[in-house]
Each structure stands twice: as C-alpha cells, then as structure tokens.
There are 2 protein chains.
Amino acid sequence: MKIVLIGAGNVATHLGIALQKAGCLVLQVYSRTEESASVLAARLSADYTVVPDEIRRDADLYIVALKDAVLPQLAPILAKGREQALFVHTAGSMPMDLWKGLVERYGVLYPMQTFSRQREVDFNAVPFFIEASSPAEVELLRMVAARLSPKVYEATSCQRRYLHLAAVFACNFANHMYALSSHILEKQGIPFEVMLPLIDETAGKVHELSPVQAQTGPAVRYDKNVISKHLEMLADEEPLQELYEKISKSIHHLPWSAVPANEGKNNS
Amino acid sequence: MKIVLIGAGNVATHLGIALQKAGCLVLQVYSRTEESASVLAARLSADYTVVPDEIRRDADLYIVALKDAVLPQLAPILAKGREQALFVHTAGSMPMDLWKGLVERYGVLYPMQTFSRQREVDFNAVPFFIEASSPAEVELLRMVAARLSPKVYEATSCQRRYLHLAAVFACNFANHMYALSSHILEKQGIPFEVMLPLIDETAGKVHELSPVQAQTGPAVRYDKNVISKHLEMLADEEPLQELYEKISKSIHHLPWSAVPANEGKNNS
C-alpha cells in the first residue's frame with residue numbers, strides 16, 4: 001500500500017507515523033509550507049513537495065488531512081491526472097461527495113481523536129469512521145484502518161458530521177472547562193495538578209454510568225446558595241460568570257438532564 | 001477513633017465505608033430520612049437515629065456531610081451538649097467559621113471528588129483539603145485523611161471555595177459537555193460508547209500539557225466554516241446552540257485561551 005499524505009499537521013503526522021509502523025509505505029508528503037513538509041517527510045523517510053503539480057501519481061491511496069476551509073479548493077487540483085487513485089479525507093465535517101466528479105474512487109477515513117503535536121497517540125484506542133464510493137473501497141479502507149485500530153465503523157457523511165459535533169462538546173468544550181478551572185486555580189496560586197484526580201474520575205464515571213446519571217454538583221441539585229456564591233466569586237470576570245450561569249441552567253433545565261432525586265448528589 | 005456520621009448521602013456513604021475499612025469505628029449515622037440512615041448504618045454495622053437529640057455524645061469526631069443549605073441551621077443543634085467534640089464538615093464552599101462559638105474544636109475535611117451512589121471511589125486518588133481551629137486539630141485531621149489518601153493538603157476556607165468553584169468547571173461542567181454530546185449522538189442513533197476513547201484522551205492529555213496547550217477543535221483555530229455548520233445543525237435546539245456559540249467564543253477570545261499558532265491543531 002503506497003500512500004501520499006496531503007497535509008503535514010497533527011493529524012497527518014500522527015497518522016503517517018502510525019501507518020508507516022503498521023507496514024504501509026508513505027511515498028511523499030505534500031504541504032504548502034516547506035518546513036512542515038520536510039520535517040514530516042524526514043520522520044517518514046519519504047519525499048516531499050510544496051508544489052501540487054509535483055505530487056506523485058503512482059500512489060494507491062491519497063490521504064488528505066487539511067483544514068476544512070482549504071479542502072474544496074485543493075481537491076480539483078489534487079484530482080487532476082490522478083483520476084484512477086483512491087482519495088480520502090480525514091475531516092469529520094466534510095461530506096464525502098466533495099470528491100464526486102473529480103475522481104472515480106473516493107472516501108473518508110475519520111479518526112475521531114484529539115491530536116496534539118506534543119503528545120503521542122495510541123491508535124489502538126482511536127475509533128475510525130469510514131465511508132467510500134463503493135463497497136470495494138469500503139473494504140480497502142476497512143483494511144487500512146484495521147491495521148491501526150480494532151475500532152472501525154462505517155458511517156455516512158451525515159452521521160459523521162454529528163459525530164464531529166458531538167466530539168466538539170465531549171472533547172474541545174470539556175477541555176475548555178479544564179482551562180477555565182485552571183485559570184481560577186492559577187489566580188489563587190493553586191497548581192492545576194490537584195484537579196487531575198477529579199478530571200480522571202469524571203471521565204472514568206461515564207464508562208459505567210450515562211453522563212446524565214453521573215451528573216453531580218450544585219447545578220443538578222439546584223443549590224441556590226452555592227450557585228449564587230460562585231456567581232459572586234466570578235463578578236470580576238463577566239464572560240466566565242455568564243458561562244457559569246448558562247451551563248448551570250442547561251444542567252438544571254434541559255429535559256435530557258432530568259435525573260431522579262438522590263441519584264446525583266455529590267461533593268463537587 | 002470513634003466517629004459519628006451526620007448525613008447519609010453519597011459523601012457520607014463513601015467516606016464512612018472507607019474510614020471503617022481504614023480502621024476507624026463509625027458509632028452512629030444520623031440522617032433526616034430513616035431509610036438512608038438505616039441503610040448506611042447497616043453497611044457500617046453502626047447505630048442510627050433520625051432525631052438530632054439522640055445523636056451520641058461520646059464520639060471523638062463528628063463528620064458532617066450535608067447539603068450546604070442545611071448546615072448552618074443544623075450546626076447549633078449538633079453542637080449543643082457536644083461542645084468538647086471535634087466537628088468537621090465536608091463541603092467545599094462552607095467556611096470553617098460556621099462552627100465558631102458553637103464548639104471549641106472544629107475544622108473541615110474536604111475530599112475533592114465526585115461521588116455517585118452507583119460507583120465505587122478509590123480514595124487513594126482523592127485529594128483531601130483540611131483546615132482546623134488549632135494546629136493540634138490540623139494534625140488530627142491530617143492523620144485521619146492520611147488513612148484514606150496520600151494526598152492531604154492544608155487549605156484555608158478562602159482557597160477551598162475557589163477549589164470548589166474550579167471543581168465545578170472541571171467536573172460538573174465537563175460532565176455536562178459529555179451529556180450534551182450524548183444527547184446529540186442519541187438523536188442520530190449512535191451509541192455514546194464511541195465517544196469514550198476521545199473523552200479518555202482529553203482527560204489524559206492534561207496530565208502532560210496544560211489545558212490551554214491541549215485545546216484543539218474548530219473554536220481554537222477559529223474555523224468559521226465548521227462553526228457555522230455546527231450552529232446550523234443545532235438550529236432546532238436553541239439553548240444548545242447558544243452554549244455552542246458562547247463556549248466557542250470563550251475558547252477563542254479569552255486571554256488565557258491564547259495559544260501559539262500550530263500548537264493546537266486537531267481533528268475534532
């Protein structure tokens with residue numbers, strides 16, 4: 001399986017290294033910026049280019065890991081002269097059909113995970129969502145993904161954009177809650193480290209209980225005493241105060257947050 | 001060390017069982033509701049009562065794990081005739097001084113964790129924050145807490161209420177983000193289970209990176225394409241849409257969210 005990577009960001013980097021380790025051959029890396037292209041290419045002992053015309057034409061699979069905004073512009077350029085190849089993108093929110101009419105064989109390989117440059121990824125725990133233009137390509141993508149992870153699922157473009165939206169809440173927004181927590185502690189000179197056991201337990205709980213069952217805290221039991229004290233404490237940080245209020249209301253009022261009394265009492 | 005537990009909710013239950021296991025003797029459980037008092041007492045082979053006057057007077061330590069709203073009303077009743085005993089509460093937001101003038105020896109034993117009835121707690125990973133009316137009582141509480149956890153810290157009432165506020169963000173609000181994620185998936189017939197690896201990695205990342213460094217997603221790179229698509233997808237759920245917008249803005253705009261370019265690119 002000869003692969004060309006289009007993009008050299010975090011997704012392309014982590015995916016490229018993992019695929020190489022799994023026995024695939026990354027021929028070439030394309031990126032608009034020479035530095036990122038050359039750094040990733042060196043790690044993979046591959047060629048690189050910053051010129052779309054110089055992207056090789058003999059790969060079996062083109063994995064396109066670019067920002068959503070760039071993808072529709074670049075797709076026709078990538079497709080030209082490579083109409084027989086299989087093109088897939090890794091973005092959760094982009095529909096498969098952006099390749100329709102450009103190439104014959106196309107699909108999506110969406111690894112639902114958060115990738116940071118500074119942290120290794122255990123692909124074994126990453127669910128892959130695949131979709132392709134025909135059953136043969138689905139099977140091919142399943143084989144590729146299965147080299148990296150035991151969790152490979154088929155998902156339509158419509159399902160995938162909801163997966164991505166749900167991932168924004170569970171990952172990006174949850175992480176922002178950590179960031180706000182860290183900010184509050186920092187102002188008091190308390191190291192964020194003390195919060196890690198609670199963060200771990202909060203994540204661990206939803207393996208056993210649904211998030212609605214797992215919900216604890218002043219908002220779910222609507223403890224007005226605590227809530228109004230907390231809002232006072234945030235008086236000098238208006239945006240934070242507003243978020244505290246909106247999220248507390250969402251916990252308390254939204255129908256899917258309804259929990260039976262006593263199920264959700266807690267100490268935080 | 002003879003203990004009376006005031007309260008029979010999740011905190012009292014988990015704490016009582018752990019203390020008993022650690023060699024303390026729980027003499028009695030008090031709760032306003034007979035059912036919860038008797039259930040916990042049976043688990044601890046202790047007595048129980050629902051009448052404040054019948055609470056025993058011969059314990060070394062009274063651990064008060066009640067809702068914040070109830071605590072100030074009940075404290076004087078508990079104190080009466082037990083002025084020589086050591087009283088501590090477990091609530092993060094209540095100041096130690098609520099005991100001042102009522103009893104001579106008092107303090108706080110705040111286990112910063114989320115406790116649900118249905119899930120066991122590993123106290124070994126729970127940080128305890130202690131505070132007391134005199135150094136002798138601090139040492140006594142340190143000894144008690146150290147039987148349960150290696151992580152025992154002294155914290156003032158002021159620090160503790162900020163710890164509690166920070167815990168609401170890192171735990172309660174993060175969990176609500178899981179709940180909203182689960183709700184979005186449920187409407188599409190996708191099991192929440194697929195989100196667990198991402199949730200685990202999101203929690204795992206902040207052991208290595210600060211939450212600001214760990215931030216990924218459309219909001220941090222301000223990918224307007226994705227953000228406006230997501231807002232459209234939430235058009236029929238106005239409160240959710242509003243939260244999406246506010247949290248995205250908070251990620252993007254607030255000063256503590258500033259990350260250097262390329263540090264925070266991601267796939268979710």
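In this predicted model, Arg119(A) pairs up with Glu208(B) in a salt bridge, with 2.9 Å between the closest N and O atoms. The pair runs from one chain to the other: Arg119(A) sits in the loop between β6 and β7 (128–132) of chain A, while Glu208(B) sits in the loop between α6 (196–205) and α7 (211–214) of chain B. Another salt bridge links the side chains of Lys246(B) and Glu242(A), at 3.0 Å from N to O. Between chain A and chain B the count is 6 salt bridges, and over all chains the tally comes to 26.

Across the interface of chain A and chain B, 32 residue pairs turn up in polar contact, counting pairs with both residues at pLDDT 80 or more. On the chain A side, the elements that put in two or more residues are α1 (10–21), β6 (105–111), α5, α6 (196–205), α7 (211–214), α8 (224–233) and α9 (238–253). Of these, α5(A) gives the most, with 26 residues. Sorted by class, the side of chain A that touches chain B comes out at 55 nonpolar, 34 polar and 19 charged residues.

As for overall extent, 108 residues of chain A are in contact with 108 residues of chain B. The size of an interface is often quoted as the accessible area lost when the parts come together. Here, the area buried between chain A and chain B is about 10500 Å², and carbon and sulfur atoms account for 63% of that.

By class, the lining of the second largest cavity splits into 6 nonpolar and 5 polar residues, with no charged ones.

Terms used
Residues numbered from 1 in each chain as written. Chains lettered and ligands numbered in written order. Predicted model: local features only at pLDDT ≥ 70, side-chain atom pairs only at ≥ 80, totals over all residues. Heavy atoms only, no water. Nonpolar A, V, L, I, M, F, W, Y, C, P; charged D, E, K, R; others polar. Contact = heavy atoms within 4.5 Å. Buried area = accessible area lost by both parts, 1.4 Å probe. Salt bridge = Lys/Arg side-chain N within 4 Å of Asp/Glu carboxyl O. Polar contact = N/O pair within 3.5 Å; in protein donor to acceptor, adjacent residues only side chain to side chain. Helix = DSSP H or I, 4+ residues; strand = E, 2+ residues; numbered from the N terminus.
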